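Thanks for asking me to look this one over.

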Amino acid sequence: MSNPEPSVMQKIVSLSKRRGFIFQSSEIYGGMNGCWDYGPLGVELKRNVKEAWWADMVSRHDDIGVLPGANSSFEMTGLDCSIIMHPQVWRCSGHHDLFHDMMVDCKESKKRYRHDQLRGRWAEYRDKKVFVTAMADPEEEDEAFTARAQKFFGLRAKDRDQIKWDGSACSLETIDELELVLGPDAKDAGTLTEPREFNLMFKTQMGALHNEDSMAYLRPETAQGIFVNFKNVVDSSRVKIPFGIAQVGKSFRNEITPRNFTFRVREFEQMEVEFFCHPDTSQEWYSYWRDRRMNWYLNHGLSSENLILREHHSDELSHYSTGTADIEYAFPFLPEGEYGELEGIAHRGDFDLRSHMEGKLDPNSKPLEVQLGENGKPLWKGSGKDLSYRDPVSNEKFIPHVIEPSAGADRAALAFLCEAYTEDNAPDDKGEMQSRVVLKFHPRLAPMKAAVLPLVKKDGMPEKAQEIYRELKRKFPVFYDVKGAVGRRYRRMDEAGTPFCVTVDGETLSDETVTLRERDSMVQTRLNVDEAIQAIQEAIDC
Ligand code: ATP
């Protein structure tokens with residue numbers, strides 16, 4: 001039997017490994033679930049995503065006059081906080097007590113699964129009924145369910161058709177009869193436990209002593225470092241409200257079922273802004289950030305057919321939020337019509353600053369009565385510091401409201417990679433059309449901006465090409481490739497997402513002109529070297 005055609009996602013994963021975008025972490029030891037390494041091209045792609053974000057949100061930010069009728073220019077500044085913070089930060093932020101997923105354990109296989117991610121289907125054979133679950137990609141679900149049910153009922157492959165299926169696949173969350181559920185790795189039904197809470201923060205110990213007082217956490221988000229430094233930033237710089245503080249950095253979540261390549265991982269990078277504003281204008285700022293962030297992805301190449309802005313319904317909102325929207329992308333590993341979160345934009349009111357002042361808040365934003373921990377120290381006690389803001393012009397004192405656009409650098413890089421992946425046709429060296437794989441990255445995000453290729457490996461062309469290569473290398477990342485027929489070299493560059501090829505031939509030696517070949521259109525233009533550099537630079541900057 002011939003192997004089935006790999007799915008688009010399988011092709012992207014295999015290209016990522018083959019061309020050095022993304023490798024499984026610790027692969028030579030069998031890999032590490034939920035951890036990935038970025039290879040030579042991947043590191044450039046992800047760095048470009050982060051740098052474009054930082055430049056647009058912070059260093060090159062020049063967005064003024066966004067709120068009608070107001071003097072609404074604003075400043076953006078940055079921070080780089082430590083990953084391990086005072087444990088009280090996580091008690092007051094709510095992560096210590098609330099940052100959990102519901103999970104079920106399998107008593108037979110000893111494996112643990114996220115309750116909302118386990119999906120299954122009712123199957124019946126003779127008088128026996130079972131809810132079959134499987135950890136499978138959605139597109140392979142049916143096959144996985146059938147194979148498991150066949151084994152469970154002890155049927156031969158030719159008798160599979162005798163299994164009766166009831167309803168379509170659904171989440172385990174909708175099923176009450178756990179005794180009839182066949183866990184994904186179990187032989188018998190009824191081995192899954194009732195769902196239980198599982199905190200997602202990674203714990204560690206600080207210092208030589210291992211006791212409750214030395215317990216620390218790896219941050220599950222970068223945002224809290226910004227809140228606890230709010231006063232430091234106001235006091236040490238000249239920023240006035242409204243203003244934003246940005247941070248890019250690693251976050252850690254002990255996800256129960258990391259999956260879908262780099263979409264859900266245990267160690268990842270976030271790109272977060274906390275935007276501080278007056279409560280009276282906070283709704284307008286919320287709309288502003290929601291739309292601005294959506295446009296950022298569109299401007300960098302995600303197509304509007306694959307991207308949605310989803311406003312949360314009122315029953316989905318946290319108790320302190322008056323508005324939250326997710327920017328979601330139609331990742332190819334999801335079933336048709338489903339989207340995965342790239343970024344959340346939340347109106348957080350004064351919840352975070354107030355919590356770090358007063359201690360953990362209840363759903364009515366009142367500080368919870370302080371309780372003592374085992375060591376006699378108060379749990380969730382606030383810092384007691386005044387984190388309010390005094391307006392230098394009106395003298396009004398208030399706790400700023402916060403709008404939080406919170407994005408994941410890994411998910412963004414993955415979305416750009418998925419969107420870029422294209423199969424089309426290109427002429428080979430004999431002019432015959434051949435299929436090609438091309439990564440159509442926006443030039444600003446492309447790992448390498450150009451490749452310099454001597455047409456042949458003689459007649460002074462490599463030397464001239466080297467000269468041009470060194471000149472380009474001072475301006476942006478660039479490849480030099482001399483090996484093989486030029487058509488094949490073009491295709492290698494297409495597959496790496498390199499937007500331009502600069503080809504050096506006999507004419508270059510006499511008149512300083514080169515051929516500039518554009519990756520997507522494959523159009524070749526004769527230009528002098530300076531014009532070619534300028535064209536590449538303009539494409540990167542746009
Ligand atoms: P999800 O519902 O997918 O778990 P979330 O709503 O918990 O995500 P946030 O807490 O809002 O995510 O984090 C902000 C961003 O950080 C997300 O939009 C996502 O891009 C990124 N992110 C969060 N968790 C992960 C993860 N486990 N792996 C990769 N990126 C993540």
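1. Let me start with a pocket. Domain 1 (58-97 + 202-416) and domain 2 (102-198) both contribute residues to the lining of the second largest pocket, so this pocket lies between them. Please keep in mind that the model is a predicted one.

2. How big is that pocket? The second largest pocket has a volume of about 700 Å³. Its lining is made up of 36 residues, and the closest to the centre are N33, D137, P258, R259 and N260.

3. As for the helices and strands, α1 (8-18) and β5 (112-114) each supply at least two residues of the lining. The largest share comes from α1, with three residues.

4. Now for the domains themselves. The protein chain is divided into three parts: domain 1 (58-97 + 202-416), domain 2 (102-198) and domain 3 (448-541). Between domain 1 and domain 2, the contact takes 10 residues from domain 1 and 11 residues from domain 2. The centres of these two domains, taken over C-alpha atoms, are separated by 37 Å.

5. The size of an interface is often given as the accessible area lost when the parts come together. Here, domain 1 and domain 2 bury about 900 Å² between them, and carbon and sulfur atoms give 50% of that area. On the domain 1 side, the residues that lose the most area to domain 2 are I256, T257 and R259, which together make up 62% of what that side buries.

6. How many salt bridges are counted between domain 1 and domain 2? The count is one. Further, E255 forms a salt bridge with R114, and their closest N and O atoms are 3.5 Å apart. Side chains of opposite charge can pair when their charged atoms come close.

7. Beyond that boundary, the count comes to 44 salt bridges by this rule. One example is E44 with R47, where the closest N and O atoms are 3.0 Å apart. Both E44 and R47 lie in helix α2 (residues 40-59), three residues apart, which is about one turn of the helix.

8. The peptide bond from I241 to P242 is cis, with omega near 5°, and P242 sits in the loop between α7 (230-236) and β13 (243-252). The other is F261, a residue other than glycine with a positive phi, near 60°. You will find F261 in the loop between β13 and β14 (267-277).

Notes: Residues are numbered from 1 along each chain as its sequence is written. This is a predicted model: local features need pLDDT of at least 70, side-chain atom pairs count only at pLDDT 80 or more; totals for chains, interfaces and linings use all residues. Side-chain values use heavy atoms; hydrogens and water are left out. On a 1 Å grid over the protein atoms alone, a cavity is a set of points where a 1.4 Å probe fits but cannot get out, and a pocket is an open set with protein on both sides within 12 Å along at least five of seven lines; lining residues have an atom within 4 Å of a point. Grid points are joined across faces, edges and corners, and a volume is the space filled by probe spheres set on the points. Helices (H or I, at least four residues) and strands (E, at least two) are DSSP runs, numbered from the N terminus. Domain bounds come from an automatic or database domain assignment. Contact means heavy atoms within 4.5 Å. Buried area is the accessible area (1.4 Å probe) that two parts lose on being put together, summed over both. A salt bridge is a side-chain nitrogen of Lys or Arg within 4 Å of a carboxyl oxygen of Asp or Glu.
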